[in-house]
Amino acid sequence: NADQVKRPGVEKYLEDKVIIIDPGHGGRDSGTIGVGGTLEKNLTIQTAELLRDKLQAAGAKVILTRSSNTYVALPSRVSISHIHNADAFISLHYDSTIDQITSGITTYYYHGYQQALASSIAHSLGSTMQVPNRGYRFGDYHVIRENKRVAALIELGYLSNPVDELTITTNEYQETVTSAIYNGLARYFK
Ligand SMILES: [Zn+2]
């Protein structure tokens, strides 16, 4: 909840932690395209840069798997996690499905050793978001499946849902969701 996000002192758990942020898609891979035209690849880099700024302010060592509109293959993203011995790897995505009703945020882990991080992030996302929190669950995604480090993949709302799309592209949502992920990471390292 909001009190937990703002609780002073939580930042100390992030100091010197190596955190890889993986903005989904990029370059020739646009990811999903919203009903209103939002490109997933543009929104993931925006979210990643905001999250990076918050984590760096707390003293974390943050590396992005891409820093511009470039194509980076999935195995290369995982290699960055291994090369830097990431304390946490966070892959950011926006969701899509065939109907325009499905809404909300889902956090995924693959390996058992990744579950506590997914749980912590999902808990921090709590009910503070402007879209529903669908919780955390197993998900078969390359960047977490092939990752030997603690990793989570977060789908931060549905671009196939016109209401979600309007909400998730606001500065307010971007601020709230990155604060929640920040707090989830800090709680995980506590
Ligand atoms: Zn995606």
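Start at the largest pocket, which holds about 230 Å³ of space. A pocket here is an open set of points on a 1 Å grid over the protein atoms alone, where a 1.4 Å probe fits, with protein on both sides within 12 Å along at least five of seven lines; lining residues have an atom within 4 Å of a point. The volume is the space filled by probe spheres set on the points.

Select Gly24, His25, Asp29, Leu74 and His93: of the 18 lining residues, these are the closest to the centre of the largest pocket. Next, colour helix H3 (74-83), S3, helix H5 (142-145) and S6, the elements that give two or more residues to the lining. S3 gives the most, with three residues. Helices (H or I, at least four residues) and strands (E, at least two) are DSSP runs, numbered from the N terminus.

A quick word on the model: it is predicted, with local features needing pLDDT of at least 70 and side-chain atom pairs pLDDT 80 or more, while totals for chains, interfaces and linings use all residues. Residues are numbered from 1 along each chain, and side-chain values use heavy atoms, without hydrogens and water.

Step just past H4 to glycine 126, where phi is positive, about 40°.

Last stop: glycine 9, in the loop between helix H1 (2-6) and strand S1 (18-23).
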